[in-house]
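Hi everyone, thanks for coming. Please have a look at the structure on the screen, and I'll walk you through it.

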Amino acid sequence: MKCILSRQRASPCHHPRVEDDALTFLRASTAPPRRSIVELIATGVLDADLAALAWILVEARLPLIVAGLRRGAGKTTILEALLDFLPPTTRRIDLAGETETFDWLPEAEALGWSRSGPGAPAAIPVGSAPIPVGPASTFLVAAELSEHLPIYTWGRAARTLVRAASIGYGIGATLHADRLEDVHAPLRARPVGLTDDELTYLGLILIVRADRGPNGQVRRQVVAAHYARPVGRDEHGHTQRLPPAVLAHRDVAADRLDHFEWGVMPELAIRLRRKAGDLEREQAERSAILARLASEGAIDLATVRAAIASHRSTTPADAHVH
């Protein structure tokens, strides 16, 4: 969809303001059918090992970006399936696209956002206890990082979203890109204008592609998974910048994902305040759960969500630090 009106808002070109009910209709009409993570494993979109690692990372509220170049590549389907791993103690907030004001975000001004008014109270009841908006409890979701539709997030709002990850908020979004470099380039350029250091907070980045399989049907597959290593400091206070790590890459000839996450397990363990050996065992256990469900054909959302909840109830909660 082309921009048809310019206004002085988050980016140079914007759509006309759309009322809330129209935005709700647009979200519903553009949302793909929900699929469980086990159904995606069973249909070859990704494998149980990568899904299990994503389970651990999303549960800990690490940022998640799902990128694919083509429309219909399955970006939103994968994102939503992975967000089923968020614990019930997490508050999910879906950004309002071009009408987003961030009035509910306590740190908005510190992240560079100019408020339109006083911040609104931010709490949602879960049982008898509220979940406040804060880095330790909140996951922010953008339907897509682009200016293609008014429900999508771009410009200053996209910059604020990623900056929120730098202070501990979980974030999730889709993006039109076919390689890691293509994820970074539009976010680095104006009107978003993120720095290279800010881009290190993107967390888990999945690249998905759609092509025609041997039977002529569209086949959607995760072809690469990357881990953005956040900029940090060593014991002497020196800035430490490490390039993104490859967690998995699809071997096209063998039609499988080759895994390399073992190379960053010690880093992930430190970030999650866990031991590397425990993290590896947990990944293997969760992978077995997902693989078993896939082999049994237990792919419906209710069954999969129940299995996730059952495992969570038997696993001690772990602290998480970005």
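**A first tour of the chain**

Residues are numbered from 1 along each chain as its sequence is written, and side-chain values use heavy atoms, with hydrogens and water left out.

How confident is the predictor? The mean pLDDT, which is the predictor's confidence in each residue from 0 to 100, is 88 for the protein chain, and 85% of the residues reach 70 or more. Residues 1–18 have pLDDT below 50, although this stretch has 53 contacts in the model beyond near neighbours in sequence; a contact means heavy atoms within 4.5 Å. Residues 123–128 are also below 50, with 11 such contacts. Where pLDDT is low, the predicted coordinates should not be read in detail.

Now the architecture. The chain has 10 helices and 12 strands, taken as DSSP runs numbered from the N terminus, with at least four residues (H or I) for a helix and at least two (E) for a strand. Eight strands form an open sheet with mixed pairing, in the order β2-β5-β6-β1-β7-β8-β11-β12; two strands pair if DSSP finds at least two bridges between them. At the edges stand β2 (91–94) and β12 (256–259), each with a single partner strand, so one side of each has no neighbour in the sheet. From one strand to the next, the twist averages 20°.

Inside that sheet, β7 (residues 204–212) and β8 (residues 218–227) run antiparallel and are joined by 9 bridges. For example, aspartate 211 has arginine 219 in β8 as its bridge partner.

And which residues does threonine 160 touch? Threonine 160 is found in helix α5, residues 155–166, and touches Phe102, Leu105, Leu111 and Trp113, leaving aside residues up to four places away in sequence. Threonine 160 counts as buried because its relative accessibility is 2%.

Methods:
Predicted model: local features only at pLDDT ≥ 70, side-chain atom pairs only at ≥ 80, totals over all residues. Buried < 20%, exposed > 50% of the residue type's maximum accessible area, 1.4 Å probe, protein only. Axes fitted to C-alpha atoms, helices over the stretch in contact; angles between N-to-C directions.
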